[in-house]
Amino acid sequence: MAKFKQECIFGIRAVMEAIQDEKEIDKVMFRQGIKGELFQQLFSLVRERQIQFQYVPEEVFKPFAGKNHQGVLAEVSPIPYQDINTVVDAVVAEGKMPLILILDRITDVRNLGGIARTAECAGVSAILIPNKNSAKISSDAIKTSAGALYHLPVCREKNLKKTIKELKRRGLTLFAATEKADKFYTEVDMKEGCMIIMGAEDTGIDEELLVLADQQIKIPQYGKIESLNVSAAAAILVYEAVRQRK
């Protein structure tokens, strides 16, 4: 039986109203074979707002058997996502240099939570994640973050490439963590407003994002295993930026 780590809204009209009220919907699930005019209205709305959706078997709806779910469930994020430009504006208004941590295709909630915990402790301005191919901000992620996700601005964007370009135009430097880099992380200047992008441990940073980097940086490794855990690597890079700024 499916277990849900997030608040769920069920029923076609209820989900439509939630979307129209701009609630933070992570994903909408449709029962396989669902039909009807009202469903088509909901489906069109989901596609229009570019919300993730999935067709699932009847078993997924068993926890809601006593409710009129109508074959539709929506998972709601436990935190509100923030606008990245609004966050940057607020940081600059305080006379500080923005430090944005970008997570590309990091799908493990434990890594997400661990990174968020470090980022909040280090005073990172915000975490930026993609709308798709990213770990959900679930109760597990919040628990792993020790509650940091309640305090750290999290920004979710449909197009990371476009967002990064916009932030670069605003003067932020992009540092990409990659084993392909020639420079060590201690050899670059992170004192000014910047972004640090981390990729998935198995695939790294998407090539379309990697080419946008102003500097590619790496962490020296002297052991026998291939790489650091992404949460540990993020902590090293973030605290280097903190060290330089102090």
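Where do phenylalanine 39 and phenylalanine 43 lie, and how many residues apart are they? Both sit in helix H2 (residues 37-48), four residues apart, about one turn of the helix. The views below come from a predicted model.

**View 1. An aromatic pair within helix H2.** Phenylalanine 39 and phenylalanine 43 share helix H2. Their ring centres are 5.9 Å apart and their planes meet at 35°, so the pair is tilted. Both phenylalanine 39 and phenylalanine 43 are buried. The two rings also belong to one aromatic cluster, made up of Phe30, Phe39, Phe43, Phe53 and Tyr55.

View 2. The model has eight aromatic pairs by the ring-centre rule. One of them joins phenylalanine 30 to phenylalanine 53. The centre-to-centre distance is 6.1 Å, the planes are 40° apart, and the pair is tilted. Phenylalanine 30 belongs to strand E2 (residues 25-31) and phenylalanine 53 to strand E3 (residues 52-56). How accessible is phenylalanine 30? Its relative accessibility is 0%, so phenylalanine 30 counts as buried. Phenylalanine 53 has a value of 31% and therefore counts as partly exposed. Phe30 and Phe53 are both members of the aromatic cluster that includes Tyr55.

**View 3. Helix H1 against helix H2.** The axes of H1 (residues 12-20) and H2 come within 10 Å and cross at roughly 25°. That angle is under 35 degrees, so H1 runs roughly parallel to H2. The crossing is left-handed. From H1, the contact takes in Ile12, Arg13, Val15, Met16, Ile19 and Gln20. From H2, Leu38, Phe39, Gln41, Leu42, Leu45 and Val46 take part. By class, the residues of this contact are nine nonpolar, two polar and one charged.

**View 4. Helix H4 against helix H8.** H4 (residues 109-122) and H8 (residues 230-245) pack with their axes 9 Å apart, at an angle of about 15°. This makes H4 roughly parallel to H8. H4 passes H8 in a right-handed crossing. Which residues of H4 and H8 meet? On the H4 side they are Asn111, Gly114, Ile115, Thr118, Cys121 and Ala122. On the H8 side they are Val230, Ser231, Ala234, Ala235, Val238, Tyr239 and Val242. This contact has nine nonpolar and four polar residues, with no charged ones.

**View 5. Helix H3 against helix H6.** The axes of H3 (residues 84-93) and H6 (residues 160-169) come within 11 Å. They cross at roughly 25°, which means that H3 is roughly parallel to H6. This crossing is right-handed. Ile84, Asn85 and Val88 in H3 meet Thr163, Glu166 and Leu167 in H6. The residues of the contact divide into three nonpolar, two polar and one charged.

View 6. Histidine 69 lies in the loop between E3 and strand E4 (72-76). Is histidine 69 buried or exposed? Its relative accessibility is 9%, so histidine 69 counts as buried. Setting aside neighbours within four places in sequence, histidine 69 contacts Phe10, Gly11, Ile12, Arg31, Glu58, Phe61 and Phe64.

**View 7. Two residues with positive phi.** Most residues other than glycine have a negative phi. Glutamate 22 has a positive phi, near 60°. Glutamate 22 is in the loop between H1 and E2. With 64% relative accessibility, glutamate 22 therefore counts as exposed. Arginine 105 is not a glycine, yet its phi is positive, at about 60°. Arginine 105 is in the loop between strand E5 (99-104) and H4. The relative accessibility of arginine 105 is 26%, so arginine 105 counts as partly exposed.

Technical notes. Residues are numbered from 1 along each chain as its sequence is written. This is a predicted model: local features need pLDDT of at least 70, side-chain atom pairs count only at pLDDT 80 or more; totals for chains, interfaces and linings use all residues. Side-chain values use heavy atoms; hydrogens and water are left out. Rings of Phe, Tyr and Trp (its six-membered ring) pair if their centres lie within 6.5 Å; planes under 30 degrees apart count as stacked, over 60 as edge-to-face and the rest as tilted. Buried means under 20% relative accessible area, exposed over 50%, partly exposed in between (1.4 Å probe, protein chains only). Axes are lines fitted to C-alpha atoms, for helices over the stretch in contact, and angles run from 0 to 180 degrees between N-to-C directions. Angles under 35 degrees count as roughly parallel, over 145 as roughly antiparallel, 65 to 115 as roughly perpendicular and the rest as oblique. A crossing is left-handed if the near helix is turned anticlockwise from the far one by less than a right angle, and right-handed if clockwise. Contact means heavy atoms within 4.5 Å. Ala, Val, Leu, Ile, Met, Phe, Trp, Tyr, Cys and Pro count as nonpolar, Asp, Glu, Lys and Arg as charged, and the others, Gly among them, as polar.
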